[in-house]
Amino acid sequence: MQTSRGTLQLLVIDDEASLRRTIRIALESFGHTVKDAANRAQALEALRAQRFDLAFLDLKLGPEKGLELLPELLAAAPGLHVVIVTAHASLDTAIEALRKGAFDYLPKPFTPNQLRLALDRSALVRGLRDRVAALEEQVRQLPPEVELDSAEPSVRAALDVAFQVAPTEATVLVRGESGTGKGVLARELHARSKRAARPFVTVHCPSLSADLLESDLFGHAKGAFTGAVADKIGKVDVADGGTLFLDEIGDLPLALQPKLLRLIQDKTYERVGEPAARSADVRIVAATNRPLEVEVRTGRFREDLFYRLNVIEITMPALRQRRGDVLPLARHLLRFFARQSGKPVTGFTPEAEAALDAYLWPGNVRELRNAVERGVILTREERVGLEHMPGQLTAAGGGAARVELGGPVTLEALEAEHIRRVVAAAPSLDEAARVLGINPSTLYRKRQRELKGDA
Ligand SMILES: Nc1ncnc2c1ncn2[C@@H]1O[C@H](COP(=O)(O)OP(=O)(O)OP(=O)(O)O)[C@@H](O)[C@H]1O
């Protein structure tokens, strides 16, 4: 949290060199870092190049009007505190400046002490804002249903690496099947990093077309394309100082891959329709549920980007590979949903526990979470029984035995069951694909179809 005692990054925007100098000397004597700008272009350029805590803006800026520049400054640097400075103090202009988003108003001539007071007030507000953001983030990051503790060595090993790497700036690639908790782990990495008080921002790569994704990530300038009616800041900008979580990175279109590479390597990017380079300080955590090496081999993913992302790799095991965690996690989730819904549900019946234990959980923790939530909603008793569990669990043998060769089942159901069993038995999805005689991306597609609707 920035306090009045910390070093602030300040910008002085004034067309008169002598005034810029006077303010700069006073501000530097307080121990702050000061940049100055003589006009609109220089001011916007400075804001693009780095993050400032506060800007002093002269209302009479040569031929340009400071009051007109104010919204532009705020668009370029949302959240910037702008203190208006003017010799032509009038209540009307002060009110108008504040209405347009100025933080404070300083009539000339002013003393160094008045400057210091403006800085102190800004630091106080920024401190409170950061504190609220940090608390909000904590609340969001630590959803009470998350239980990271595990008795399984494979999960403990993954968490050990995660906790070790969390406080560093290293880029992390989280691997694992859909629903294994990659997003949960990414939040944990952020929560345990020095960036915890800054935002954690998620970009879900498959959900948008390449063009929209680019604008979502990097922002766009007004008029950049039909429908771009105003400037829009991108998620990279929102995440400045924090963590950018790129979910399903394997779906990042090829056209965007060099732009992400540049962001990682040089910390620079461009908004769509705006040639000027901007800078952002974000830590990247990416997740994938398919083998990126295959995407690299087939030319759908850039090798250089892959190696940049894959500095530290953490794999979240599938739930079927951590069987010892199923019941503890189910009981934990049950307590959470009971509390949340205010129902006096205390546990599972032995039959329900046996079914939970026997089932293969192709949809991983997400499927377990959904099954437990459903059970808590449906039960009218103190315990969740087999009858409150989803259909696939109630089939004999934990949902794996009802579909039999030669039985009254469709080819589709037979195929789905066969895939499920092979995947469950295989050490990796690559290996499962090899056994099935199909390529990994076909397996991925078939499983996505199978899991659809479980979220
Ligand atoms: N350790 C955990 N404790 C409790 N709930 C968990 C845990 N891990 C995952 N979940 C829950 O499971 C669901 C899926 O988790 P998450 O979105 O992190 O998985 P994912 O691997 O990122 O999935 P996808 O690949 O589909 O994006 C979420 O609802 C999450 O809250």
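Author: The ligand lies between domain 2 (148–317) and domain 3 (320–451), because both give residues to the shell around it; these domain bounds come from an automatic or database domain assignment. The model is a predicted one, in which local features need pLDDT of at least 70 and side-chain atom pairs count only at pLDDT 80 or more, while totals for chains, interfaces and linings use all residues. Residues are numbered from 1 along each chain as its sequence is written.

Of the 18 residues around the ligand, Ser178, Gly181, Lys182, Gly183 and Arg366 come nearest; a residue is near a molecule if its C-beta atom, placed from the backbone, lies within 6 Å of it. By type, the shell divides into five nonpolar, seven polar and six charged residues. Here Ala, Val, Leu, Ile, Met, Phe, Trp, Tyr, Cys and Pro count as nonpolar, Asp, Glu, Lys and Arg as charged, and the others, Gly among them, as polar. Helix H7 (182–191) and helix H15 each supply at least two residues of this shell. Helices (H or I, at least four residues) and strands (E, at least two) are DSSP runs, numbered from the N terminus.

Among the buried residues of H15 are Asn364, Leu368, Ala371, Val372 and Val376. A residue is buried if 20 or more other C-beta atoms lie within 10 Å of its own, exposed if 12 or fewer, and partly exposed in between. An α-helix has 3.6 residues a turn, so residues three or four places apart point the same way.

The cover over the buried residues of H15 includes helix H13 (326–341), strand E18 (383–384) and helix H16 (391–394). Phe337 belongs to helix H13. With 20 other C-beta atoms within 10 Å, Phe337 is buried. Residues up to four places away in sequence aside, Phe337 touches Val372, Glu373 and Val376, a contact being a pair of C-beta atoms, placed from the backbone, within 7 Å. Phe337 and Glu373 are 36 residues apart in sequence, yet 6.1 Å apart in space, C-alpha to C-alpha.

For the protein chain as a whole, 35% of the 455 residues count as buried.

Methods
Two residues are in contact if their C-beta atoms, placed from the backbone, lie within 7 Å.
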